[in-house]
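User: I have a structure open and would like to go through parts of it with you. Can you put it up first?

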Amino acid sequence: MTTNITLNLNEIQHGKALNFFSKYDMVSMLGDTESKFFLGNKNDRICRFCNRKEPDVTFKMDAHIIPELMGSHKLLSYFECDKCNQQFSKYEDSFANFIGVSRTVSQIKGKGNKVPKYKDPRTGLEIELSETGLKMIFQEGTDVFDFDKENKSFTLKTKRPGYIPLHVTKTLIKIGFSMLLDEELEDYEITRKFLLNTEKEKRFENFGVLRILGYFIPGPPKFNKPFVQLFKRKPELSNELIPYYQLIFYYSSYQFQIALPFGKPDEHLQGNKVDNPIAPLLIDNSHLEQFGQERFINLNLTSSEKVSGENHNISFSFESFVDKDQTKGEN
């Protein structure tokens, strides 16, 4: 059964769509399912990340293709051992902290099928989902809100919990590596080693191919269930200076894009100026006209040094404002 969806794109996104889809074909799309769905072979299990098998490693834990904290619970793999699973969980912690308070505000259920609570020990701000909606508690005199009554908006001012930027990038690359066919793994041996390396990796700082592109979409979250698409460069463009694989990841109010790095099909890109076509934002223009235009994302998350206390502000709009006493948190 084929479903046709017609989107009214603005001029900029329409142009990006024409350019991107003239260069790439979608080869795979994955999202959460109603029942458990596994990639890989249950028999003779070999970890595709460390290349080890039982009894050298175990496969007792559920290995999620898309991190469970993002709301993907039943899309799993047979090819990730428990040791690698634990290492990748540390990467996912950095991804969660980078997204920060957005995980609570978006009300997307993560681990334990619960919306995570946000707490800022600096200000005492706490945000959690209650039966009636989002509940916010903060101490009197703290600077956590900026209200603009004239424009019917306010800004919530928070700080991201500590995170390692390169771990955010590796979280996305790991998803793409998990989607490769078995026969393609040899071409991405350097990628595999890159994912497993736990040492501080100065040589990858400011590495252009590791940049994360995409969009932040204002308004209610457009992607209540995360999903991912893998695009491959068209065969007739094998000599073009564009990456072979592009991963597009949709989560909450974010659309992230990253090229799958270090593959043999991209060896001809080395030493050349690479063109990295930007995928379009496939959101109907009516949403953007109602809630505001998308914000383009161009992230250099290549440092292996921990980042702490980074500002993270989110703006909201409202229809009406009732001026009551400020809610006081407990001392």
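User: Where is Lys 157?

Analyst: Lys 157 is in strand 8, residues 153-160. Strands (E, at least two residues) and helices (H or I, at least four) are DSSP runs, numbered from the N terminus. This is a predicted model, in which local features need pLDDT of at least 70 and side-chain atom pairs count only at pLDDT 80 or more, while totals for chains, interfaces and linings use all residues. Residues are numbered from 1 along each chain as its sequence is written, and side-chain values use heavy atoms, with hydrogens and water left out.

User: Is Lys 157 buried or exposed?

Analyst: Lys 157 is buried, with a relative accessible area of 18%. Buried means under 20% relative accessible area, exposed means over 50%, and partly exposed is in between, with a 1.4 Å probe and protein chains only.

User: And what separates it from Asp 32?

Analyst: The C-alpha atoms of Lys 157 and Asp 32 are 32 Å apart, and the two residues are 125 apart along the chain.

User: Next, Leu 210. Which loop is it in?

Analyst: Leu 210 is in the loop between helix 5 and strand 9. At 0% relative accessibility, Leu 210 counts as buried.

User: What does Leu 210 touch?

Analyst: Leaving out residues up to four places away in sequence, Leu 210 touches Leu 166, Thr 169, Ile 173, Phe 194, Phe 204, Ile 258, Pro 261, Phe 262 and Thr 302. Contact means heavy atoms within 4.5 Å. For Thr 169, which is 41 residues away along the chain, the C-alpha separation from Leu 210 is 7.1 Å.

User: How do helix 4 and helix 5 cross?

Analyst: The axes of helix 4 (residues 165-178) and helix 5 come within 10 Å and cross at roughly 140°. Axes are lines fitted to C-alpha atoms, for helices over the stretch in contact, and angles run from 0 to 180 degrees between N-to-C directions. Helix 4 and helix 5 are therefore oblique to each other. On that scale, angles under 35 degrees are roughly parallel, over 145 roughly antiparallel, 65 to 115 roughly perpendicular, and the rest oblique.

User: Which residues make that contact?

Analyst: Helix 4 contributes Leu 166, Lys 170, Ile 173, Lys 174 and Phe 177, and helix 5 contributes Thr 191, Arg 192, Phe 194 and Leu 195. By class, the contact of helix 4 with helix 5 has 5 nonpolar, 1 polar and 3 charged residues. Ala, Val, Leu, Ile, Met, Phe, Trp, Tyr, Cys and Pro count as nonpolar, Asp, Glu, Lys and Arg as charged, and the others, Gly among them, as polar.

User: What about helix 2 and helix 4?

Analyst: The axes of helix 2 (residues 82-99) and helix 4 come within 8 Å and cross at roughly 115°. On the helix 2 side, the contact is made by Phe 88, Lys 90, Tyr 91, Glu 92, Ser 94, Phe 95 and Phe 98, and on the helix 4 side by His 167, Val 168, Lys 170, Thr 171, Leu 172 and Lys 174. By class, the contact of helix 2 with helix 4 has 6 nonpolar, 3 polar and 4 charged residues.

User: Now helix 1. Which of its residues are buried?

Analyst: In helix 1 (residues 11-21), the buried residues are Gln 13, Ala 17 and Phe 20. Seen down the axis of helix 1, they fall within an arc of 75°, so they line one face of the helix. The arc is that of the directions from the helix axis to the C-beta atoms. Glu 11, Ile 12 and Leu 18 are exposed on the other side of helix 1.

User: What covers the buried ones?

Analyst: The cover over the buried residues of helix 1 includes strand 1 (24-31), strand 9, strand 10 (223-233), strand 11 (245-252) and strand 12 (254-259).

User: Is Asp 44 buried or exposed?

Analyst: Asp 44 counts as exposed, at 74% relative accessibility. Asn 206, another residue other than glycine, has a positive phi near 65°. Asn 206 is in the loop between helix 5 (189-196) and strand 9 (212-216), and at 58% relative accessibility it counts as exposed.
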